[in-house]
Amino acid sequence: MNILEVDQLNIKDTHTGKVIVDNVSFELRQGRCLAIVGESGSGKSLTCRAIMRLNPSSLHQTGRILFRETDLNALSAREMRNMRGRPIGMIMQNGMSAFDPSCVVGVHFRETLGEHYGWSRSVIDAMMQEAMQSVMLNQPAQLMNRYPHELSGGMLQRMMIALTLVLKPDIIIADEPTTALDTLSQQEVMAQFIHLRRTLGSSMIFISHDLGAVRHIADDVLIMKSGQIIERGETGQLFTAPRHDYTRQLLSARLTLSDHFRQLINEE
Amino acid sequence: MGMYMIRRIVFAIPLLWAISLLTFVLINLSPMDPAVVVLQAQGVPVITDELIARTQQQLGLDQPFLVRYIHWMADCLQLNFGNSYITGQSVWLLLGPALVNTLRLTLVSAVSIIIVSVVLGVICALQAGRLLDRSMRMLAFILTAVPSYGLAALLIWYFSVRLDWLPTSGMESYRSYILPVLIITISYAGLYFRNVRSSMLSNLNKDYVLYGRASGLPERTITLHILRNSLQVAVSIFCMAIPIILGSTVVVENVFAWPGLGSLSVRAILSRDFPVIQAYVLILAVSFVIFNAISDMINAAINPKLRNGL
Ligand SMILES: Nc1ncnc2c1ncn2[C@@H]1O[C@H](COP(=O)(O)OP(=O)(O)OP(=O)(O)O)[C@@H](O)[C@H]1O
Ligand SMILES: [Mg+2]
């Protein structure tokens with residue numbers, strides 16, 4: 001069963017008249033993880049933000065975005081707001097800038113959970129602390145009272161995952177959630193993503209440059225290039241038998257890159 | 001936070017000292033001999049060299065520069081700025097009431113400027129690029145460009161002379177404030193509301209706003225977060241604006257015969273009343289340093305990142 005169906009999504013810049021995302025259609029199946037891969041500027045982020053209707057008003061989007069039976073693109077601003085956070089959650093690329101720099105991170109959790117569940121502060125704190133512990137954040141009570149700049153990118157990323165664990169959205173959209181991290185924290189955060197999927201059983205859209213991570217977590221893959229989907233398929237199949245030249249290029253670019261590293265290591 | 005405040009105050013001390021030295025040096029560079037000023041003010045018909053020498057001795061001007069500076073500093077620390085060369089009155093008695101009058105005008109104007117610029121800045125940022133925003137900015141641009149004495153003349157002619165609603169000069173009741181405050185507000189709010197607007201706008205595209213929306217927070221909550229972050233820039237600008245207004249009331253005070261520092265200082269400069277000029281410059285400089293420190297402290301209170309900076 002499809003939980004999300006994107007049908008002929010078109011995104012146009014009203015200032016320049018340029019079409020940025022060109023009649024893209026795809027579906028996300030219940031409980032699966034769909035990865036979107038593609039070069040920088042290919043329109044991955046805009047596509048995901050279009051699903052949540054978070055693109056600036058200068059970008060005009062048409063097409064249908066069916067979440068269960070509702071067309072998100074036809075909802076009023078208010079109805080759409082109720083979709084964000086709980087039914088459809090998002091995890092940002094850069095934890096460092098995702099929280100208001102002048103508030104302790106706990107403020108965001110309290111505002112978000114208070115808005116969706118109407119819980120009291122003590123309930124929220126208890127729920128968040130439990131979730132934070134489950135993503136390997138120690139001393140969660142102290143962490144809630146820290147400012148974003150006092151925490152590392154990996155910690156903030158795991159805090160967003162912890163919030164998602166409490167919100168239990170049906171769909172999680174993660175836009176390059178590990179790109180801003182060093183290799184070690186990348187692995188930690190990826191482990192928590194797998195934990196998140198296992199715990200919630202949610203469907204997920206996972207954007208990444210890291211084909212290793214994609215292979216690890218995704219069931220299906222979309223390859224995007226200049227606003228179009230050029231190839232799609234199940235992960236294993238796509239990695240072993242890519243049909244499109246561009247996909248082959250992407251995969252071999254990664255191979256040559258790791259060959260290059262191997263060479264460097266051998267030379268030492 | 002307490003530690004931050006103490007550090008901030010300690011850091012201001014060397015700056016204050018440097019300012020006092022600079023003030024003293026600059027005044028002493030003046031080509032006019034203070035003794036001559038005093039003698040002229042006393043109406044002495046023939047000023048002889050002997051008379052000058054004696055007056056210099058009375059004023060302590062015959063002593064070496066450094067000795068005079070130390071004496072002056074020590075006196076200043078006790079708020080004793082000496083006596084006016086012209087009237088012989090204590091400078092502090094002259095300046096004190098004038099300072100209070102100017103501070104009143106400045107604070108009322110500052111409050112008016114802050115309210116006007118925050119309200120206009122927020123409205124224009126939320127309406128950015130639309131007609132309202134563009135016409136407001138155009139109007140502000142024109143009004144800021146009009147010199148304040150021209151504007152003052154125009155407003156006095158209309159409201160005080162033609163309509164006879166408001167007093168033309170002096171400081172009798174709250175109605176005396178209206179025109180001077182209006183003029184100061186017009187000349188500064190145009191500048192500061194742009195600051196509020198642009199810092200609001202630069203925050204609108206930040207990641208935390210996107211994440212707030214993506215988390216389903218209501219627009220109201222998000223706007224409060226944006227405002228909180230935008231006002232950081234604005235707060236320091238406003239605090240720095242207070243001493244700037246303090247110094248620039250000169251024009252408005254002279255137009256409206258406001259019995260403040262601005263009027264007093266112009267008179268002092270014209271008659272070369274050095275002790276009064278020195279004290280005026282020092283008071284302005286000190287208020288710059290003080291308000292700068294206050295603005296840093298307020299900023300540190302709102303922006304946690306700055307607290308560890310100093
Ligand atoms: N607000 C905007 N207005 C106009 N054009 C935009 C806007 N945001 C992005 N674009 C353009 O749309 C294209 C796609 O951007 P998008 O951010 O979706 O790329 P991406 O695939 O996510 O790339 P990356 O891997 O670098 O994140 C880019 O060419 C970009 O210049
Ligand atoms: Mg992107």
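# A guided tour of chains A and B

Begin with both chains displayed: about 2,100 Å² of area is buried between chain A and chain B, and carbon and sulfur atoms give 62% of that area. Please keep in mind throughout that this is a predicted model.

**The interface from the side of chain A**

Select Met92(A), Ser102(A) and His149(A). These residues supply 23% of the area that chain A buries against chain B, more than any other three residues.

**Helix H7 of chain A**

Select H7(A) by itself. Its 15 residues reach 21 Å from the first C-alpha to the last, close to the 21 Å expected at 1.5 Å a residue. Is this helix mostly covered or mostly uncovered? H7(A) is mostly covered, with 14 of its 15 residues buried. Proceed to the residue that follows the helix, Lys168(A), which has a positive phi, near 50 degrees.

Side chains of opposite charge can pair when their charged atoms come close. Over all chains, a search of the whole structure finds 14 salt bridges.

Return to H4(A) and select Glu115(A) together with Arg81(A). Their side chains meet in a salt bridge, at 3.2 Å from N to O. This pair links distant parts of the chain, as Arg81(A) lies in helix H2 (residues 77-83) and Glu115(A) in helix H4, 34 residues apart. Glu115(A) counts as partly exposed because its relative accessibility is 35%.

Next, select Asp245(A) and Arg248(A), which form a salt bridge with their closest N and O atoms 2.9 Å apart. About one helical turn separates these residues, because they are 3 residues apart in helix H11 (residues 245-267) of chain A. Asp245(A) is exposed, with a relative accessible area of 53%, and Arg248(A) is partly exposed, at 39%.

To conclude this part, display Arg29(A), Arg32(A), Asp220(A) and Glu234(A), which are linked in a network of salt bridges.

**Chain B**

How many helices and strands does chain B have? Chain B has 13 helices and 0 strands. Along its principal axes, the C-alpha trace of chain B spans about 85 × 55 × 30 Å. Of the 310 residues in chain B, 43% are buried. Among contacts in chain B with a separation of 6 or more, 75% are between residues 24 or more positions apart.

Select Glu219(B) and Arg213(B), which form a salt bridge with the closest N and O atoms 2.8 Å apart. Glu219(B) is partly exposed at 39% relative accessibility, and Arg213(B) is also partly exposed, at 24%.

The last stop is Ser263(B), in helix H11 (residues 261-270) of chain B. Ser263(B) counts as buried because its relative accessibility is 9%. Not counting residues up to four places away in sequence, Ser263(B) touches Glu253(B), Asn254(B) and Trp258(B).

Note on methods. Residues numbered from 1 in each chain as written. Chains lettered and ligands numbered in written order. Predicted model: local features only at pLDDT ≥ 70, side-chain atom pairs only at ≥ 80, totals over all residues. Heavy atoms only, no water. Buried area = accessible area lost by both parts, 1.4 Å probe. Helix = DSSP H or I, 4+ residues; strand = E, 2+ residues; numbered from the N terminus. Buried < 20%, exposed > 50% of the residue type's maximum accessible area, 1.4 Å probe, protein only. Contact = heavy atoms within 4.5 Å. Expected span 1.5 Å × (residues − 1). Salt bridge = Lys/Arg side-chain N within 4 Å of Asp/Glu carboxyl O.
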